[in-house]
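Here is a short report on one protein chain. Read it with the sequence and the coordinates at hand.

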Amino acid sequence: MRKKEELRLKRHNRIKMRMTGTKEKPRLVVHRSLKNISAQVMDDTVGKVLFSLSTNDKATRQKFSSAGNLKSATLFGELFAQVAKEKGVNKVIFDRAGYLYHGRIKSFAEALRKGGMEF
């Protein structure tokens with residue numbers, strides 16, 4: 001593994017120790033790669049993923065010409081907020097997975113807030 005990725009995983013584990021998702025307020029974990037963004041909502045009390053969505057899924061792939069930019073992160077955030085509302089999830093704990101809060105992570109989070117999610 002690369003040094004940069006190891007440091008990110010150390011930050012993620014340190015952050016994860018302080019936050020746990022419950023059924024009422026699950027943890028939303030976001031992961032980004034160079035070309036895609038994925039997010040999943042987890043209930044840590046039972047260790048279960050409630051639902052997940054990615055820009056690489058068949059249903060969402062057609063909506064993005066290139067999923068590795070700010071515009072697609074914003075669109076993905078709005079889409080994720082809409083799906084979360086349908087599943088009955090309004091309040092979450094936002095876990096940025098050790099990534100810095102800027103760029104695609106920030107635009108994804110702002111789009112979630114604009115879509116009606118609270119964190």
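Lys16 sits in helix α1, which spans residues 3-18. Helices here are DSSP runs of H or I with at least four residues, strands are E runs of at least two, and both are numbered from the N terminus. Lys16 is partly exposed, at a relative accessible area of 34%. Buried means under 20% relative accessible area, exposed means over 50%, and partly exposed lies in between, with a 1.4 Å probe and protein chains only. From Lys16 to Ser52 the sequence gap is 36 residues, and the C-alpha atoms are 18 Å apart.

**Model and confidence**

This is a predicted model, where local features need pLDDT of at least 70, side-chain atom pairs count only at pLDDT 80 or more, and totals for chains, interfaces and linings use all residues. Residues are numbered from 1 along each chain as its sequence is written, and side-chain values use heavy atoms, with hydrogens and water left out.

The mean pLDDT of the protein chain is 92, and 99% of the residues score at least 70. pLDDT is the predictor's confidence in each residue, on a scale from 0 to 100. Confidence is lowest in helix α2 (residues 58-61), with a mean of 85. It is highest in helix α4 (residues 104-114), at 97.

**Overall build**

The chain holds 4 helices and 4 strands. Their order from the N terminus is α-β-β-β-α-α-β-α. The radius of gyration is 14 Å, close to the 14 Å that the globule rule gives for 119 residues, so the chain is as compact as a globular protein of that length. That radius is taken over C-alpha atoms, and the rule is 2.2 Å times the number of residues to the power 0.38. Along the principal axes, the C-alpha atoms fill a box of roughly 40 × 35 × 25 Å.

Of the 119 residues, 39% count as buried. Contact means heavy atoms within 4.5 Å. Among contacts with a separation of 6 or more, 59% join residues 24 or more positions apart.

The chain carries 27 positive and 11 negative charges, with mean positions 6 Å apart. Lys and Arg count as positive, Asp and Glu as negative, while His and the chain ends are not counted. Each charge is placed at NZ of Lys, CZ of Arg, CG of Asp or CD of Glu.

**C-alpha distances**

| Pair | Sequence gap | C-alpha separation |
|---|---|---|
| Val29 and Phe94 | 65 residues | 6.5 Å |
| Phe80 and Val41 | 39 residues | 10 Å |
| Leu70 and Lys3 | 67 residues | 25 Å |

Val29 belongs to strand β1 (residues 27-32). Val29 is buried, at 11% relative accessibility. Beyond neighbours within four places in sequence, Val29 is in contact with His12, Ser38, Ala39, Gln40, Met42, Asp95 and Ala97.

Ala97, one of those partners, lies in the loop between β4 and α4. Ala97 is buried too, with a relative accessible area of 3%. Its phi is near 60°, a positive value in a residue other than glycine.

**Helix α3**

Leaving aside neighbours within four places, Phe80 is in contact with Leu28, Ala39, Gln40, Val41, Phe51, Leu53, Phe108 and Leu112.

Leu70 is also in α3. Leu70 is partly exposed, with a relative accessible area of 48%. Not counting residues up to four places away, Leu70 touches Gly103, Arg104 and Ser107.

**Helix α4**

Which residues of α4 are buried? They are Arg104, Ile105, Ser107, Phe108, Ala109, Ala111 and Leu112. Their cover includes β1, β2 (37-43), α3 (70-87) and β4 (93-95). Just after α4, Gly116 takes a positive phi of about 105°.
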